[in-house]
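This briefing walks through selected features of one protein chain, grouped by topic. Please keep the sequence and the structure in view while reading the points that follow.

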Amino acid sequence: MPDLNIHQSMLAAIEQHQAGRVSEAQAIYEQVLAANPNHPDALHLLGVAMFQSKQPMRAIELIERAIAINPLVPDFHWNLGRVLATVGRHEQAANHFRRALVGQPDHPDIWNDLGNALQISGQWQQSIAAYHQVLARRPDDPDALNNLGNALREGGQLDFSIRQLLRAIELRPDFPEAHNNLGNAYQAVNRFDDAIAEYQKSLSLRPDYAQAYNNLGGALRASDKLDEAIASFNRAISLRPDFADAYNNLGATLLDQDKTDQAIATYRRAIELRPDFAEAHHNLSIALLSKGDYAAGWAEHGWRWQMKELIGTHQRLAHPQWTGEPLNGKRLFLHAEQGFGDTLQFVRYLPLAAQRGATIILACQRELVRLLKTMEGIAEILTEGDPLPSFDVHCPLLSLPGIFGTTEETIPVNIPYLKADEVLSSRWRKRVEQYSEKLKVGITWSGSATFKLNHRRSVTLDMLSPLFDIENVQFFSLQKGETSSQTKGTHVIDWTDELIDFAETAALIDNLDLVISVDTSVVHLAGALGKRVWVLLGISPDWRWLRDRTDSPWYPAMRLFRKSRMNDWTSVIDQVAQELACLK
């Protein structure tokens, strides 16, 4: 085909392409390439046509060939980036968007596509910068404002996120995606009623918006409107039967209702749809563990390291992870990974690890260092900010139960496995002994405010007032944090300003007769010390408390008091008061 005919053919193909007759355009591009296999424009535009015909891999191959021939054409890189983004290769897409911007640095649409690719790749700050480039050129672009607001939320800049999304909605009130994203931002700052309202606005504009139904379900669940949440998740699934996230969220809500078997089946469906769905695997492990199916639960629990909030923290250790083999004098680095309670519960496994011939090095939270130094068999203990020691293998504390094949019958219960420092305990004894004629009870009523569902496990001190009417009982606060101030104006003795770490708290508990607490680290501390402890539990509590029992295989001196209804703490507290009165 002569050059002139190729030129005319390309013009004809482009005309067909622009008119939406993609198959006719493809045929002409292929004729051009038959005559000139290295025609870059034909390769590029045939690639675009293949992408429009839902053949993305063929499109990538063709556009890459065009770029190999002429790497300086911005549109080649821009379109290749768009195709790569649709097949999930977002970092590669971002690289091509950047190369397109070399030739067209003021093109807002390329900046927007770059921001999207960076955001999906988790590069929040760079995506935010890209969206700002769009808005510098188009200040009233609702799409860019929406994207910027979403990226700011993902990057933790929540107030700024809300402002951008409100601006997008001001410019385009009928913008369902912006209402949905604003709902997500409100939910991130615990403004659940506002979040629900935004999701409902989004759905009024787009009734088939499965993602908005899924997000609405999350806000309803956080508001303890569990039946409504389940209906919302089911609606999302009816719109998108392959919606793995909605199945995962539905499973969590079923578990909230103590419907453990249904939750397990729902998590398994999420995993069937997305086999590498780390959060669903982890949630499945929690459901299995709460049912007492430890073998299956520990096996699934390893998926926690692939979850977004934990990925990267585990892999930073270059040394191999211990899997239970004999160690014969090797240095084993055990490290805390989650909350204080988890560390206190699972350090019980250190003697078992030592029996495998290990020299034990432990990394834990700073507040636990003094207390855990009382454990035998720890060669070295370190905390945040300390340089990593030399070691041969490592293991997170919460992986130890699986390594040792723990079942309910084989839980290590060599209690007490922690002890209070004798000097500290003696000092507290001198202060507590003035109440020797009374039953001395430590109390804690609130967990960490950073825990997303803390309201389900916590009460106020005033709600415990039925306990305070019992004669010959003296209460001592063990409550740290903002809620500790609730003791003002009560007869509860509050020395918590002096409880600078868990060693001090252990020394005070050592001089008490009983600890009564909601599910916090204090119950693990008291249990590990062998102290009698009563735990107030909500509906569907943490997996370690199992289901439908009043005792704990983890702490023989522990008694569990369970709510039977979501918002009914009164009956639980009344039961505790009745039992406490019998101890006088």
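In this predicted model, the axes of helix α3 (residues 40-52) and helix α5 (residues 74-86) come within 11 Å of each other and cross at roughly 25 degrees. Angles under 35 degrees count as roughly parallel, and α3 is therefore roughly parallel to α5. The crossing of these two helices, α3 and α5, is left-handed.

**Helix contacts**

- On the α3 side, the contact is made by Pro-40, Asp-41, His-44, Val-48 and Phe-51, which meet Asp-75, Phe-76, Asn-79, Arg-82, Val-83 and Thr-86 of α5.
- Sorted by class, the residues in the contact of α3 with α5 comprise five that are nonpolar, three that are polar and three that are charged.

**A histidine in helix α6**

- His-96 belongs to helix α6, which covers residues 90-103.
- Is His-96 buried or exposed? Its relative accessible area is 14%, and because buried means under 20% relative accessible area, His-96 counts as buried.
- When neighbours within four places in sequence are left aside, the residues in contact with His-96 are Ile-67, His-77, Trp-78, Leu-80, Gly-81 and Leu-84.

**The four-stranded sheet**

- Four strands, in the order β3-β2-β1-β4, form an open sheet in which the pairing is parallel.
- Why is one side of β3 and of β4 left without a neighbour in the sheet? The strands β3 (378-382) and β4 (393-396) stand at the edges and each has a single partner strand, so one side of each has no neighbour there.
- From one strand to the next, the twist of this sheet averages 20 degrees.
- Strand β2 (residues 359-363) runs parallel to β3 and is joined to β3 by four bridges; within this pairing, Leu-362 has Ile-381 of β3 as its bridge partner.

**The six-stranded sheet**

- A further open sheet is formed by six strands in the order β6-β5-β7-β8-β10-β9, and here the pairing is mixed.
- Its edge strands are β6 (473-477) and β9, each of which pairs on one side only.
- Helix α27 (residues 521-528) packs on this sheet and touches β5 (439-444), β7 (514-518), β8 and β10, while the direction of α27 makes about 150 degrees with that of β7.
- Strand β8 (residues 533-537) pairs with strand β10 (residues 555-562) in the parallel sense, over five bridges, and the partner of Leu-537 in β10 is Arg-562.

**The chain as a whole**

- The protein chain contains 28 helices and ten strands, and its C-alpha trace spans about 110 × 60 × 40 Å along the principal axes.
- Of the 584 residues in the protein chain, 53% are buried.
- Among contacts in the chain between residues at least 6 apart in sequence, 59% join residues that are at least 24 apart.

Methods:
Residues are numbered from 1 along each chain as its sequence is written. This is a predicted model: local features need pLDDT of at least 70, side-chain atom pairs count only at pLDDT 80 or more; totals for chains, interfaces and linings use all residues. Side-chain values use heavy atoms; hydrogens and water are left out. Two strands pair if DSSP finds at least two bridges between them. Axes are lines fitted to C-alpha atoms, for helices over the stretch in contact, and angles run from 0 to 180 degrees between N-to-C directions. Angles under 35 degrees count as roughly parallel, over 145 as roughly antiparallel, 65 to 115 as roughly perpendicular and the rest as oblique. A crossing is left-handed if the near helix is turned anticlockwise from the far one by less than a right angle, and right-handed if clockwise. Contact means heavy atoms within 4.5 Å. Ala, Val, Leu, Ile, Met, Phe, Trp, Tyr, Cys and Pro count as nonpolar, Asp, Glu, Lys and Arg as charged, and the others, Gly among them, as polar. Buried means under 20% relative accessible area, exposed over 50%, partly exposed in between (1.4 Å probe, protein chains only).
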